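Biologist: Please show me the model. I would like to go through its pockets and its helix packing.

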Amino acid sequence: MYEISIGELLERQRKEKGYSKSVVCRGLCSVTALSRYENGMRIPDKFLLEYLLQRLGCHAQQYEMIISNEEFDEIQQQKKIEELIEQGKYSEAEDEIGNYKKMKSPSKAIHEQYVFYYAGLVKKYTGEYTKAASDFETSLSKTIVQIEYKQCEQGLLSFMELKVFRELGDCYQEVQRTQDALVIYLEIQTYLESHSCISLEMEQFYYGILYKIAEQNYQKYNYGDAYSLIQKVYTGMTKHYFVKHMKDVLELKMVLEEKMDLLTVEAEQDYKNKIMALELLKCTDEKELLAFMEEKNVRI
């Protein structure tokens, strides 16, 4: 049985999509290095390979490779940071980001991008939006040329780069730079619609971007455009059983139907029932569930 090598995979995907080497490796490695990877003269480390494959529209997890001890440690440290941020332990997360920063990585630009991305997330979640935006801008600059901040559709992007763009847009929105935020959301939408979504995670990310654009249209009283987008989001999320953030989608959809005189009494009750069910899903134990039911005056 013939097994394709990493180099053959990179070269085949790049040529099939008609990309030049310089476009694929921009900000990640030199054209010479990419040529060596494609020719099998060298093997990229795990993190660089993931970026390259994602830019080429491939799901990196489909391709197994042996990783070094340093790469394994780097992955474990990333997981630790992500868990602390998810748990709201931001001070501890900052300490671990500091430890991560000190680690040696074969992919310097990618490593530094992660450092500023995580640092930005901590600042965002603690309400320091201006400082967070600065970190996200720095994070992007590690792999993307400065002038391309607002032209992301002109190059190829990994999922991480797209996530940094999204977080930057969210921070701009929080500090009332709504037009700058909208520019970013629209450019991400354009990029994703012109490049195939390579995973369910990225597809969910796409619907999150459409929701942000719909939200901005609603705030500008463009109810028709907002409703068209939120319908697309709702249909897509329902198709894939995406529960996360569905409550926000239903609430905006209900408000828009009310504004456009489309909301019937039956539909409003249906929305409220679904929103209540989604709220109940968030309750992690019986005590929390009972407290929520009492607050909402729910009786079974």
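**Pockets and helix packing**

Modeller: By class, the second largest pocket has a lining of four nonpolar, one polar and four charged residues. Nonpolar means Ala, Val, Leu, Ile, Met, Phe, Trp, Tyr, Cys and Pro; charged means Asp, Glu, Lys and Arg; the others, Gly among them, are polar. The model is predicted: local features need pLDDT of at least 70, side-chain atom pairs count only at pLDDT 80 or more, and totals for chains, interfaces and linings use all residues. Residues are numbered from 1 along each chain as its sequence is written, and side-chain values use heavy atoms, with hydrogens and water left out.

Biologist: Which element gives the largest share of the lining of the second largest pocket?

Modeller: A pocket is an open set of points on a 1 Å grid over the protein atoms alone, where a 1.4 Å probe fits, with protein on both sides within 12 Å along at least five of seven lines; lining residues have an atom within 4 Å of a point. Here the lining includes M246, K247 and L278. Helices are DSSP runs (H or I, at least four residues), numbered from the N terminus. The largest share, three residues, comes from α13.

Biologist: What is the volume of the largest pocket?

Modeller: Its lining has 45 residues, with Y117, K163, E167, E201 and K244 nearest the centre. By class they are 21 nonpolar, nine polar and 15 charged. A volume is the space filled by probe spheres set on the grid points, which are joined across faces, edges and corners. For the largest pocket that is about 2000 Å³.

Biologist: Why is α9 described as roughly parallel to α11?

Modeller: Axes are lines fitted to C-alpha atoms over the stretch in contact, and angles run from 0 to 180 degrees between N-to-C directions. Angles under 35 degrees count as roughly parallel, over 145 as roughly antiparallel, 65 to 115 as roughly perpendicular and the rest as oblique. The axes of α9 and α11 come within 12 Å and cross at roughly 20°. Therefore α9 is roughly parallel to α11.

Biologist: How far apart are the axes of α8 and α9?

Modeller: Contact means heavy atoms within 4.5 Å. Residues of α8, including F136 and L140, meet residues of α9, among them V164 and L168. That contact has ten nonpolar, one polar and four charged residues. Helix α8 (residues 129-141) packs on α9 at an angle of about 155°, and their axes are 9 Å apart.

Methods: Helices (H or I, at least four residues) and strands (E, at least two) are DSSP runs, numbered from the N terminus.
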